[in-house]
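Let's take a walk through this structure together, one stop at a time.

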Amino acid sequence: MAKGYNKLAKEIIEHVGGENNVEQLQHCVTRLRFYLKDESKADTEYLKNLAGIVTVIEASGQYQIVIGNEVGKVYEAILNIANVNNEPTEPSNHGGDNKRKPLDKFIDLISGIFQPFIVVLSATGMIKGIVALLGVFGLNETNSGFYAVLNAVGDGFFQFLPVVIALTAAKKFRMNIYSALAIAFALVYPSLSDITAGEPLYTLFAGTPFSADVYTTFLGIPVLLPPGGYYSTVIPVILAIWFGAKVEKGFKRIIPSVVNSFLTPFFTVLVAASLAILVIGPIATWGADFIGFIFMGIYELSPVIFGALVGGLWQLLVMFGLHWGLAPIGILQISEQGFTPILSNSGSASFGVLGVLLAIIVKNRTRSVRNIGIPATIASVFGVTEPGIYGLLLPMKKPFIIALISSAIGGAYTGFFDVVVYRIGGFGIFTLTNYITDDGQLTMNFWHRLISFVLVTVIAFTIQMFMKTPQLETMNGEKQTINHEESEKVENKI
């Protein structure tokens, strides 16, 4: 099997223009994400028809090759045979970087920061889900060591999320990693929050949404901290590392090279960490509150419409990488208020795909459809929808629309009943425990989530069953799949 991955990896590298055309390579749950120096050198049509590749997408400044569940193994095979950069740094000029649209740059930045650890964040969230499930049976930190240990294992990553973000942001902004970590550790230093003990000296901006109590000052500058400090926060550390990278570059230019190695980190951390606590953190916190206020305002204006839009459009957002604009807001809301409706409304999307795929494999018994449909259906149960979408639904066209409509109904349902998610973890069916409260209560929030999964699947399945039996359509009539052996024969003939 490893030999097969190596062959596929060789084909991919060759047809993206060679390793010299690859400025950076990352991967997510199902996709290889290339930053190419010149995308015109990539043979997209060849790659789309290559066995082992679901499809190719050019979006958000990235050349994305959708592999499916085996993406990790293909990624490792590429690293084994090709000398490519796999660090999430900011590419210098991929695909004409200076001509990219602002939205593409923003999505690229956000995905570059969150993408490297999102799977681990999801995994630890699943552990927190198990802890919540233990709470259903009456276990807690005071009566169960098993509960206490698992709670620490699951909660630690999210609590110290600013440190993880500092690591990926430092690579993205091209800053010394350890200087960035020093700034992040200062933000989450345990005794920092102790300064809010006692009576406040005075209150800033009293009577406004930005009202803040001041307990101490730094050279006359008020020290403002959000409730609970900067644990689990997102925006403050991103801005702090961005600012730190600017400061570091400035000191590198003016400090003599003979003392640059230790004086640059000294001044960088001193200035950037101090200003992160005094200025950047408070401003970022107000900004985060404002963003949350806007989204919750839209949600409260019409939870049903909001849910339908997020649920129905989620698969389209994922296809083009635009979901990275909403996912961090969901993380932000969980860190700020302990729950979010955004990621709840998007949760039905994979079950719309699941229902349609189930109907397709029941009605269409052709080998080509079932070979794609059966594993894609299983993957959809666990939240991985790309194989089904690109392998069947998009080529068949109408089933994809049915999946989106069904998912929109699911989003409207969760919006109507104010379903929220308390943590991030898992995909598909594995997200169910995220709807159990932190104290282990199985409220209607959990049951409405379960009902919505079943509802969306049944609606999508039923509609598709009443539709004409879909055929696998392609632009050229029949998909021409190129396998590794055939491609080698062609190369030998040439």
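This is a predicted model: local features need pLDDT of at least 70, side-chain atom pairs count only at pLDDT 80 or more; totals for chains, interfaces and linings use all residues.

Now step back into the helix itself. α16 is mostly covered, with ten of its eleven residues buried. Among those buried residues are Glu-386, Tyr-390, Leu-392 and Met-396.

Gly-383 sits in the loop that joins α15 (367–381) to α16 (386–396). Setting aside neighbours within four places in sequence, the contacts of Gly-383 are Ser-350, Phe-427 and Gly-428. As for Ala-51, 332 residues away along the chain, its C-alpha atom is separated from that of Gly-383 by 23 Å.

Next, let's visit the strands. Four of them make up an open sheet, arranged β1-β2-β4-β3 with antiparallel pairing. At the edges are β1 (22–27) and β3 (55–59), each of which pairs on one side only. On average, neighbouring strands in this sheet are turned by 20° against each other, direction ignored. Strands of a sheet pair through backbone hydrogen bonds.

Our last theme is charge. Side chains of opposite charge can pair when their charged atoms come close. How many salt bridges does a search of the whole structure find? The search finds three.

One of them links Glu-70 with Lys-73, where the closest N and O atoms are 3.6 Å apart. Glu-70 is partly exposed, at a relative accessible area of 32%.

Another joins Asp-155 and Lys-128, at 3.9 Å from N to O. Asp-155 belongs to helix α6 (residues 145–159) and Lys-128 to helix α5 (residues 118–136), so the pair ties together parts that are 27 residues apart in sequence. Lys-128 is buried, at 16% relative accessible area, whereas Asp-155 is partly exposed, at 25%.

Finally, Arg-423 forms a salt bridge with Asp-438, and here the closest N and O atoms are 2.7 Å apart. Both residues lie in the loop between α17 (398–416) and α18 (444–466), so this pair ties together parts 15 residues apart in sequence. Arg-423 counts as buried at 6% relative accessibility, while Asp-438 counts as partly exposed at 46%.

Terms used: Residues are numbered from 1 along each chain as its sequence is written. Side-chain values use heavy atoms; hydrogens and water are left out. Two strands pair if DSSP finds at least two bridges between them. Helices (H or I, at least four residues) and strands (E, at least two) are DSSP runs, numbered from the N terminus. Axes are lines fitted to C-alpha atoms, for helices over the stretch in contact, and angles run from 0 to 180 degrees between N-to-C directions. Contact means heavy atoms within 4.5 Å. Buried means under 20% relative accessible area, exposed over 50%, partly exposed in between (1.4 Å probe, protein chains only). A salt bridge is a side-chain nitrogen of Lys or Arg within 4 Å of a carboxyl oxygen of Asp or Glu.
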